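Here is a short briefing to read alongside the model. Take a look at the chains first, then work through the points below.

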Amino acid sequence: MSTYAQKKGFGATLWDFLTTVDHKKIAILYLIAGGFFFVIGGLEAVFIRIQLAVPNNDFVSAGLFNEIITMHGTTMIFLAAMPLVFAFMNAVMPLQIGARDVAFPFVNALGFWLFFFGGVFLNLSWFFDGAPDAGWTSYASLAMASKGHGVDFYVLGLQISGLGTLIGGINFLVTIINMRAPGMTYMRMPLFTWTTFVTSALILFAFPPLTVGLVLMLFDRMFGSNFFVTTMGGNTVIWEHLFWIFGHPEVYILILPAFGIFSEIMPMFSRKRLFGYSSMVFATVLIGFLGFMVWAHHMFTTGLGPVANAIFAVATMAIAVPTGIKIFNWLLTMWGGSVKFTTPMHYAIAFIPSFVAGGVTGVMLAVAAADYQYHDTYFVVAHFHYVIVGGVVFALLAGTHLYWPKMFGTMLNETLGKITFWLFFIGFHMTFFIQHFLGLWGMPRRVFTYLPGQGFETSNLISSLGAVFMSLAVLVLLYNIIMTSVKNVRVGNDPWGDGRTLEWSLPSPPPFYNFKQLPLVRGLDAYWLEKMEGKKGMTPAEPLGDIHMPNSSFLPFMMSFGLFVAAFGALFNMDDKAWSIPVLILGLLITFGSMFIRSVKDDHGFHIHKEELMDDEDKGVKA
Amino acid sequence: MKRLAKWRLISIFAILSLILSGCGEPFLSTLRPAGEVADIQYDLMKLSTWIMVGVIAVVMVIFFIVLFKFRRKDEKIPKQVEGSHKLEIIWTVVPILLLLILAVPTVAATFKLADVSPMDKEDSDALVINVRSNLYWWEFEYPDQGIVTGQDLVVPTDEKVYFNLISSDVKHSFWVPAAGGKLDTNTENVNKFWLEFDSAKAKEAGDLFYGKCAELCGPSHALMDFKVKTVSRADFDSWVADMKDVKEPAKADTALAQQGQEIFNKSCISCHAVTPGNTTPPEARFAPNLTNFGERSRIAGVLDHNEDELKNWLRTPEKYKPGNLMTDKYPQLSEEQLDALTAYLMGLKVEE
């Protein structure tokens, strides 16, 4: 398919992205959408810090502040961190296992568009009498009491985007189980693939409880059922359980891929294989498993009683063990290595102390009796920002720099990258370290202001100043991305020079079919092994033959768009708007109509013929 | 020599105050524990912090060695090491041991803090207080004494005080940081726990601890403060007696205040009681009991307790506590009416 190399107009490119089922392009879509929501969530964070910079501030009103914190949390978790993680999973995982695409390319596209429309729907709440204001946890008694449609936007938006995440996770599981290249046994899979695998399993088990919780809340708010109405025999603690049975694994869904990215970076730039690979795999699986056993530590103060609290306290502490194994394995990977301080490596190195700080406060929080003091204070805010920013966001920024050449074929500027890093690193610690103390000094979280005379003033100001640095870092990154794209200096297969895994054996970006011939994997760090034996690339595992590829399709977009339309109908039906039912029906018709077309229309994809592939070879590797 | 000693003393005090300021305010900070519960929790904090500082130290030593010793100097390929069983066993077993050291006191303390058995014993003389949280105000009912008050919790020092916690509307959380950790006030069930207030520490805090709502509950979550007045057992008993003496709404003594009382009886009394007896069921107590309003430490939990602030509050409660349930529940008050009402409310005192 020679269309790949052609210069296309904007319209054609747009149509290409709207209909693509190629995992690499879907990765770019995830990256753009996730990056966009990350900026929105970041702006919300800036507003929060402006409001809290001085006591009794009136930059935003109390009600608006609650909307901002709710949207900041929800956006960052569901619409920024998750899709950005998905971006790298999509971009890298199929390449790492030597596959030509994910198992279900069509479903992959559907997953993206569901997430995207769910996220857009949620954010449109700003323009329809107010965003959700019950916190990202949306505890039931407050959510049920919330006026306006904010919480309805939350419920419907997350339901739609959660569906996308769930099918995305299933897709990755099937891909990793079925589509590994010859020789790629489980214990030869790169760590990022392993974490993608475990994460996908977590998604599979964690999202259904959220779906159930959201359905119950939807019924309560829309149809007057009483699952969470205490006076009618409902129970709001059920929501807390459902939410956290989802919510705790969710944080591992975010952090495990982050571990994966760092487990790629550290061996690469230390030129040394990952220390204790099998124990790293074991620790990943164990963290994933234990992640489901500890949800009630978010509810130590709910009043579950000492037996439950004690059990969950000890279970939570247990997670420190596999996490500690990982930290020491990373350190020992670098030990004796040849460490090159590239931008991704800067993040990887900074990640260790930052994440350890977040991890140890996690253990402190696990001490149930002491948690009664920490719970719902700024100590917790500091803790989870240390793990999520110091872990996940560092990994996402590192991954952006690391995989940018693989995704776009050009390197981000290293100097600007390091400036971004230092600004972000300093700003991050400045913002969040002091918050530990604010919490211990008695400042509850989610407060829209605080009165003077409680000893909170200076520290809050410092924290807000830190946010300035982080904002600058993001601006420098955006500048870097624009400048790099304008210059567009093309790079080869292994632009870092230290690539170890299969993705670096391919051109940057890879051709749309990834591997002309599936590679033969002869061990862990397959590409590194070949390089060490003086070979240029991978040994093929099959003769050159026809490649079966899926057709592009506009249907995933339409299916998701239909649900987006239907959600508006469902939401405004609560106001007895006459147009709401027709809109609901129209939306569902679009969705089910698209599904019907997908079901009855045969789409066998197409074949790239051997001859075309040979032509490529004659022309040499495309840059 | 004497001068030197003086300087030394000053510098010691300076360092001490610096350390103490790093521990927050004595009336609010969890790092200035003022009772048995807070002490237990503070000890656990210290234990976990020390263990964690040890872990961090080990990590940081390895970290910095890596940072400086193993920088890339040449293009040599380092030895590819698979791992080390010995090391891996060490860093699996040592953390497990450390966690055991932490887990045992954790479990013990968790059970100790949840022990409310004296509450249920028949004819026990344990002091029990029912806390009911409402959208942005707190009600404190002393069931055995038969009195209800709001916003300012009065407790005796040096004894265990037991709490029944519930919420009337949405979930809140009851927290007196200096005295001990929080417990949620759920909408469906009563949560129970105990606190103890140390008299010496209470004195340092000016016998007035800050209490907070620690669960997001709406726009004015940040302003849902309450105060805890600590008094000796004897003073507590006399306060209870004084409160119980108020059987009928107290008659205002000045002409202005009497005028205020008339306004109050017309516009306010349907929500605000001015007798401490709890004859009305909890669901019908829509607003804080004002029996001893004149002796409270804050207005609406957050404003200074003076006439100007009271008038401000009565004029536009929405401005000071967004989303509160008092706004628009009473007719607009003229300045004269405000003067009268303020005089009446400020005169609501039970102690002499």
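How many residues does helix α7 of chain A have, and how far does it reach from its first C-alpha to its last? It has 33 residues (191–223) and reaches 46 Å, close to the 48 Å expected at 1.5 Å a residue; the expected span is 1.5 Å times one less than the number of residues. This is a predicted model, in which local features need pLDDT of at least 70 and side-chain atom pairs count only at pLDDT 80 or more, while totals for chains, interfaces and linings use all residues. Residues are numbered from 1 along each chain as its sequence is written, with chains lettered from A and ligands numbered from 1 in the order in which they are written.

**Helix α7 of chain A**
- Helices (H or I, at least four residues) and strands (E, at least two) are DSSP runs, numbered from the N terminus.
- α7(A) has a kink of about 25° at A:Ala206, shortly before the proline A:Pro208; the bend is the angle between axes fitted to the seven residues ending at a residue and the seven starting there.
- Just after α7(A) comes A:Gly224, with a positive phi of about 70°.

**The sheet of chain B**
- An open, mixed sheet of 5 strands runs in the order β3-β2-β1-β5-β8, where strands pair if DSSP finds at least two bridges between them.
- Its edge strands, β3 (147–150) and β8 (191–196), each pair on one side only.
- Strand β5 (160–167) of chain B runs antiparallel to β8(B), joined by 6 bridges.
- In chain B, B:Val161 stands opposite B:Leu195 of β8(B).
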